[in-house]
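Work through the exercises below with the sequence and the model side by side. Try each task before reading its solution.

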Amino acid sequence: MADEQANTVLYDVSEGLATITLNRPDAMNALNTAAKVALRDALLEAAADPSVRAVLLTATGRAFCVGQDLKEHVATLAATREAGDGNALSTVREHYNPIVRAITEMPKPVVAGVNGVAAGAGFGFALAADYRVVADTASFNTSFAGVALTADSGVSWTLPRLIGQTRAADLLFFPRSISAQDALELGLVNRVVPAAELAHRAAEVARTLAAGPTVAYAGLKASMAYGAGHTLAEALEKEDELQTRAGASQDHTIAVEAFLKKEKPVYLGK
């Protein structure tokens with residue numbers, strides 16, 4: 001299993017950037033158990049590694065990720081029905097939830113480099129990232145209702161917050177392919193680039209973040225997540241807490257001194 005997991009997800013760290021690559025191109029990066037475990041573990045490793053200051057999540061082949069591997073899922077359905085336990089989708093709790101929480105809760109920015117179709121859980125993982133750079137040939141699809149399932153991988157939380165309840169309901173109840181340009185106009189993605197430039201452009205964004213003020217980025221992630229579910233008064237208190245932390249960072253001192261000297265700051269990530 002360890003070798004299979006290693007092959008399904010590639011992991012590399014260079015100059016503060018962890019690149020995590022889904023690597024089942026022949027299956028359009030569908031999520032079998034080995035891939036889900038490997039992705040979850042790679043994200044947790046990146047989150048815990050103090051040398052990692054940003055993460056790039058991308059994929060090989062013509063798809064980013066089409067979600068659950070339905071071939072494996074059919075076998076799981078049969079096995080659970082035979083066993084009578086009725087829980088064919090325990091993978092949501094065991095894999096999808098930890099993956100989304102690892103992306104959203106790690107105190108460092110995560111960039112999704114979406115090279116092709118992102119559907120179902122693949123759509124959810126892309127939405128969980130802090131920044132999305134997308135090939136102009138890529139597309140998105142909620143997919144869930146198309147196979148008689150409800151939302152998972154955080155889509156019920158992220159999608160309405162990005163595009164509003166009305167548009168989210170439309171995409172969830174009537175799943176269909178959304179082009180990269182339409183996704184940009186809807187506010188689902190940050191940048192659309194030529195497909196041939198996707199790898200370079202996504203890595204460029206991620207490397208810029210990896211060289212930036214990591215403590216400040218962590219605070220921005222935390223404050224936006226907190227503000228989504230709290231009152232203004234509570235958000236102001238959280239901003240005070242996080243700003244105090246950022247103000248005590250070495251990077252803040254470096255930034256101020258560089259500004260006064262009219263130099264470009266070189267951040268340490270702490």
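Two strands pair if DSSP finds at least two bridges between them. Strands (E, at least two residues) and helices (H or I, at least four) are DSSP runs, numbered from the N terminus. This is a predicted model, in which local features need pLDDT of at least 70, side-chain atom pairs count only at pLDDT 80 or more, and totals for chains, interfaces and linings use all residues. Residues are numbered from 1 along each chain as its sequence is written, and side-chain values use heavy atoms, with hydrogens and water left out.

**Exercise 1.** Find how many bridges join strand 1 to strand 2.

Solution. Go to strand 2, residues 17-22. Now locate aspartate 12: threonine 19 in strand 2 stands opposite.

**Exercise 2.** Work out the strand order of the open sheet.

Solution. The sheet has 6 strands in the order 1-2-3-5-7-10. Their pairing is mixed. Strand 1 (9-14) and strand 10 (191-193) are the edges, each pairing on one side only.

**Exercise 3.** Describe how helix 2 and helix 4 cross.

Solution. Take helix 2 (residues 33-48) and helix 4 (residues 91-105). The axes come within 9 Å and cross at roughly 30°. Next, list contacts (heavy atoms within 4.5 Å).

**Exercise 4.** Which residues does leucine 159 contact, leaving aside neighbours within four places in sequence?

Solution. They are Phe123, Leu127, Thr142, Gly164, Ala168, Leu171, Leu172 and Leu188.

Note on methods:
Axes are lines fitted to C-alpha atoms, for helices over the stretch in contact, and angles run from 0 to 180 degrees between N-to-C directions.
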